[in-house]
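This report looks at aromatic rings and at the charged side chains placed over them. The sequence and the model are shown here.

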Amino acid sequence: MGSSADAPTEGRAVPDPGAAAHALAVGRIASAPGLPVLRAGAVLDRLRRLVPYEAGAVVLLVPQTRLLVTVAERDGAGRLRTAATGRAALRDSDRIAACGPAAAVHVCHHGDGPGHLPGWRHHLGRSGLPHAVLVGLFTSGRRYLGFVVLLGGAAPSPPPAVRALLRGLAPSMADAVDPLRAPAAAAELLAGCTAGVALCRSGRALPLPGLPGHSSLRTGSPVLVLAAVIAARTAHLDFLQPSTVGQRSAYTRVTVLSCGPCPPYDVVAVVLLSPAGELYGLTRRELQIAGLVVEGCTNQRIASTLHIAERTVAAHIEHVLPKLGAASRTQIAVRVLARGLYLPNPARLGPPGTDT
């Protein structure tokens, strides 16, 4: 018998009597604190009550590298790691992604036939296991993360009602194992946020759930290059990104929040955009000079950087002091950072890991 994907009509099958309990349990796992890899293991433990299996694994697709990574496994899944993360599994993963959430559950059987997921059908033929159940992990926003695979077991392959329940549980399972959940939660802390991405160590930008992207947040953009430098040096910093609207200068506030580990993704920071807010009457030149004060530059260094006279720098600083209600250069730096008025000089910062 070949493998097959559930038809959408199976969603009308009579649900398992314990469906509500399963849904509640998986929902609790999804909302639990801790690393996604721990929640992934809890998902596998819960699924054993629904689909007894010999070996199970949660496998995520890493978008930066298009590699499949096993983040949790149970029982004999270690011997299947190559099957779950090899090239055939990647092709089958692409097939699951293409089917979409409406057909998130796939059952492969040991036997002849091309199979909807030929890689897994072939593996079953070699291993002698009777069947494999694969559940595509699609978030509530239809973002594909990877799959859960449950192999063999004494029971026959799941009936339509159980497959329908698995399909209903898939979004909660995806939320439980989503590596971007913590970065997305950090983004929710910023009021007025208009766009954002997760920044990877490789420099790649990943979309953040629930937030639109922006042209200035594309992989390799000057904003993200600068954000990578900042993320390597501090946990949180706001800075201004200048632009031109008509004949006047305009600004967007960029917020960089460093992230803890979220394996298997190599995310190092969340980068968010929001309106610049109050600029306290500071001109572009005054913002530039205040930014260099934040960076510890003397008047001489500021003059050299901006190609202006030292006395001009001193005059600008005299104008900045009352606008910020500051009495010294130190207070200028403190208030610029606290109010999100830092306008960095990219030429002075250099690449991540270097000192200026």
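## Trp120 and Phe147

Trp120 is buried, with a relative accessible area of 1%, where buried means under 20% relative accessible area, exposed over 50% and partly exposed in between, for a 1.4 Å probe and protein chains only. Phe147 is likewise buried, at 0%. The model is predicted, so local features need pLDDT of at least 70 and side-chain atom pairs count only at pLDDT 80 or more, while totals for chains, interfaces and linings use all residues. Residues are numbered from 1 along each chain as its sequence is written, and side-chain values use heavy atoms, with hydrogens and water left out.

## Aromatic pairs

A search of the whole structure gives 2 aromatic pairs, a pair being rings of Phe, Tyr or Trp (its six-membered ring) with centres within 6.5 Å, counted as stacked when the planes are under 30 degrees apart, edge-to-face when over 60 and tilted for the rest. The rings of Trp120 and Phe147 are edge-to-face, because their centres lie 6.4 Å apart and their planes stand at 80 degrees.

The rings of Phe138 and Tyr144 have centres 5.2 Å apart and planes at 50 degrees, so this pair is tilted. Phe138 is buried at 4% relative accessible area, and Tyr144 is buried at 16%.

## Charges over rings

A charge sits over a ring if NZ of Lys or CZ of Arg is within 6 Å of the ring centre and within 35 degrees of the ring normal. Arg48 lies over the face of Tyr53, at 4.1 Å from the ring centre, and the charged end of Arg339 sits over the ring of Tyr280, 4.6 Å from its centre.
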